[in-house]
Amino acid sequence: MELVAHLAQVQGFTAIALGLIIGFGALGACIGIGIMGSKFLEAAARQPELVPLLQGRMFLLAGLIDAAFLIGVALAMFFAFANPLLGALHTAGG
């Protein structure tokens, strides 16, 4: 019975961690893209002739910011579906 309780505890804490990883990752990506977009609009208003150059760089950075968030989502999905902590608990439990 103790092993079942430990398994439930690990799964519960893993679910909380998944929510935090995805939530904070999404929050950080949204804030980052929002700040970058506002700075792009400020730069475009000051020097309109640089808009094509700045726009390309802005989209590149938006992709990199989203890629960092998606890496966090992939890590969260790894722990959701192939949790190595449960395997270690099974090994330790016998």
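Which side chains meet in a salt bridge?

First, the ground rules. This is a predicted model, where local features need pLDDT of at least 70, side-chain atom pairs count only at pLDDT 80 or more, and totals for chains, interfaces and linings use all residues. Residues are numbered from 1 along each chain as its sequence is written, and side-chain values use heavy atoms, with hydrogens and water left out.

Now the salt bridge, meaning a side-chain nitrogen of Lys or Arg within 4 Å of a carboxyl oxygen of Asp or Glu. The structure holds one. Its partners are Lys-39 and Glu-42, at 4.0 Å from N to O. In general, side chains of opposite charge can pair when their charged atoms come close. Here the two residues are three apart in helix α1, so about one helical turn separates them. Helices are DSSP runs of H or I with at least four residues, numbered from the N terminus. On accessibility, buried means under 20% relative accessible area, exposed over 50%, and partly exposed in between, with a 1.4 Å probe and protein chains only. Lys-39 is partly exposed at 48%, and Glu-42 is partly exposed at 39%.

Next, the nonpolar surface. A patch takes residues with over 30% relative accessible area and no salt bridge; nonpolar side chains (Val, Leu, Ile, Met, Phe, Trp, Tyr) are joined within 5 Å, like charges within 9 Å. Phe-13, Ile-16, Leu-20, Phe-24, Leu-27, Ile-31 and Ile-35 make up one such nonpolar patch, with about 740 Å² of accessible area together. Those areas come from the Shrake-Rupley method with a 1.4 Å probe, and for residues only the protein chains shown count as cover. Phe-13 sits in helix α1, residues 2-46, and is exposed at 53%.

Contact means heavy atoms within 4.5 Å. Not counting residues up to four places away in sequence, Thr-14 touches Phe-79, Asn-83 and Leu-85.

Asn-83 lies in the loop between α2 (51-81) and α3 (84-93). Asn-83 is also buried, at 12%, and its side chain reaches the backbone nitrogen of Leu-85 at 3.0 Å. Beyond neighbours within four places in sequence, Asn-83 contacts Val-10, Thr-14 and Phe-78.

That brings in the aromatics. Rings of Phe, Tyr and Trp (its six-membered ring) pair if their centres lie within 6.5 Å; planes under 30 degrees apart count as stacked, over 60 as edge-to-face and the rest as tilted. The count comes to one aromatic pair. Phe-78 and Phe-79 have ring centres 5.4 Å apart and planes at 70°, so the pair is edge-to-face. Phe-78 is partly exposed at 41%, as is Phe-79 at 27%.

Last, Leu-3, also in helix α1. With neighbours within four places set aside, Leu-3 contacts Leu-89 and Gly-93. Its C-alpha is 65 Å from that of Gln-47, 44 residues along the chain. Leu-75 is 72 residues from Leu-3 in sequence, with 26 Å between their C-alpha atoms.

Methods:
Polar contact = N/O pair within 3.5 Å; in protein donor to acceptor, adjacent residues only side chain to side chain.
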